[in-house]
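Please view the sequence and structure before reading on.

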Number of protein chains: 2
Amino acid sequence: MNLPPLIQSFVLHFGEMGSRWGINRTVGQIYALLYVSPEPLNADQIVESLGISRSNVSMSLRELQAWNLVLLKHLPDDRRDFFTTPDDVWQILRTLAEERKKREVDPTLSVLREILMQKPASDAERHAQVRMGEMHSLIERLTTWYEDVKQLETDRLATLLTLGAKVTKLLEAKDKIVSLGRSKRMSEKD
Amino acid sequence: MNLPPLIQSFVLHFGEMGSRWGINRTVGQIYALLYVSPEPLNADQIVESLGISRSNVSMSLRELQAWNLVLLKHLPDDRRDFFTTPDDVWQILRTLAEERKKREVDPTLSVLREILMQKPASDAERHAQVRMGEMHSLIERLTTWYEDVKQLETDRLATLLTLGAKVTKLLEAKDKIVSLGRSKRMSEKD
DNA sequence: TCGTTATTTCAGTAATTACTGAAATAACTG
DNA sequence: CAGTTATTTCAGTAATTACTGAAATAACGA
C-alpha cells in the first residue's frame, strides 16, 4: 500500500469496518480511497495505491456499483473507466440506507408476512407467530417512518435531526397550540 | 434441525441475515429460536433444536451475551443456564442500536477525529481532511440525534415515528408559534 | 482486418471464519 | 472427599470467503 499516512489510516479503518459489515475489506478500502480522492481514479491507480490485484479491483468495483455507492466517469480521449463517490455525504447516507433496507429489511418483512399468513399447528407455533407479529409491526413502523423522512430535502432533514427529541415537547405543546390558535382567533382570553 | 416448519423458516432466515451482518449463521439462528420460544431454553435444548454441537452453542451464546441480546435465567432447583430474549421489541431495538453504535460508529468517529487533528502534508491530504470533516460532522449529527431520541420512552418514540416528516410542517409553524407565545406574553398585540 | 488497451471472468489457492470433539474447568451433591 | 452434571476452552478441521493470475472478452484505432 502506497498512500500518504493520513489517508492510509482512513483507508485501513474502512477496510476493518468493511469486514465488520457484510462488505469485505478490499471493498471498504476502495470506497474509502475514492471517497477522499480529489478526482476520479481508474482501476490501475487503485491497484497501485492499495497494492492488490487488478482482478480484485475489478470485482470490488462491481460490488460497489451494485451498492450504488460509486459513480462511473469518463474523461475525454481516454477510454478507461474512472470512479468516484458522490460529493454530497447526505446523498451517500441515503443510498446506504436505501440499499441496506433493500437487502436486509425488505426480505425480512416478506418472510415475516409469509409466515404470519400460515395457520399455526401447535401452541408453540401460535406463540411464535405472536412474537413475529410484534417484530413485524415494529419493522413496519420503522420503514414507514423511513419512507416518509427520506423524501425530505437535506436541510429539512438536518433540521429534523437537530430538533431531535425536542419534537415531542413541541408535540405536547401541539394540542395547546391548536386550541390556543382557535381561542386566540375567537376571543383572545388568557 | 428439528423444529415446527413455521419456526424453522424464521430461524433459517435469521441465520441468513446473520451472515449478512457481522454476526454469523449460528448466532442468528439461536437468537431467532430464543426470540420465538415461549419460555427460556437451555443449551441442550438449543443443540437439539438446531442440530449443532454443544460447544458451538456455548460460544454463540457468549457472543449473544456480549451483544446484550440475550438474558440468562435460572429456574429453581435446576442449575443449568436458561436463555431468553427480552420481551419488549422496542427494548431489543434499543440494544441493537446501542451495540452497533458502540462497535461501528464510535470507533469511526474516533479515527476521524484523530486524523483531523493532524497537519496535512500535501494537497491530497488537505483535500482528504476536508472530506473526512464532512463525514465526521454528518456522523456527529446523527449520533447527537440518536443520543437525544434514545432517551424517549417507548410511546413517545412511537409517536415521533408516526409523525415522521410531518414534523417539518409543524416546524414551519414553530416560528410563528414562538413569536406568538412571546407577543402573547408581552402585549397580546396581533 | 489485426494489434493494442481496458476490463471481466473464473479456476485454483490463500486466508479467514465457523464448527466440532475431546479435554479441562467449574459448580454442585451425597 | 469422590462422583455427577454443566459449561467452557481450544486445537484441529471443515466450510466459506477473499484474492490472484491467466485467459477470455470487449472496444477501440490503424
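Predicted model: local features only at pLDDT ≥ 70, side-chain atom pairs only at ≥ 80, totals over all residues.

**Contact between chains A and B**

In chain B, 54 residues are in contact with 53 residues of chain A. On the side of chain B that touches chain A, two or more residues come from each of α1 (5–20), α2 (25–36), α5 (89–117), α6 (123–149), α7 (154–163) and α8 (166–186) of chain B. The largest share of this side, 14 residues, belongs to α6(B). By class, its residues are 32 nonpolar, eleven polar and eleven charged.

**Nonpolar cores**

The largest nonpolar core has 29 residues, and among the members that touch the most others are B:Phe10, B:Ile30 and B:Leu33. Two or more residues of this core come from each of α5 (89–117) and α6 (123–149) of chain A and from each of α1, α2, α3 (43–50) and α4 (54–66) of chain B. The largest share, eight residues, is that of α2(B). A second, separate core of 28 residues includes A:Leu3, A:Val11, A:Phe14 and A:Val70.

Leaving aside residues up to four places away in sequence, B:Leu34 touches B:Leu41, B:Val70, B:Phe83, B:Thr84 and B:Thr85.

**Surface near DNA strand D**

DNA strand D is surrounded by 20 residues, and the closest include A:Asn24, A:Ser55 and B:Asp81. The elements that give two or more residues here are α2 (25–36) and α4 (54–66) of chain A and α4 of chain B. The most, five residues, come from α4(B).

| Class near DNA strand D | Count |
|---|---|
| Nonpolar | five residues |
| Polar | nine residues |

Terms used
Residues numbered from 1 in each chain as written. Chains lettered and ligands numbered in written order. Contact = placed C-beta atoms within 7 Å. Helix = DSSP H or I, 4+ residues; strand = E, 2+ residues; numbered from the N terminus. Nonpolar A, V, L, I, M, F, W, Y, C, P; charged D, E, K, R; others polar. Core = buried A, V, L, I, M, F, W, Y, C linked by C-beta atoms within 7 Å. Buried ≥ 20, exposed ≤ 12 C-beta atoms within 10 Å, placed from the backbone. Near = placed C-beta within 6 Å.
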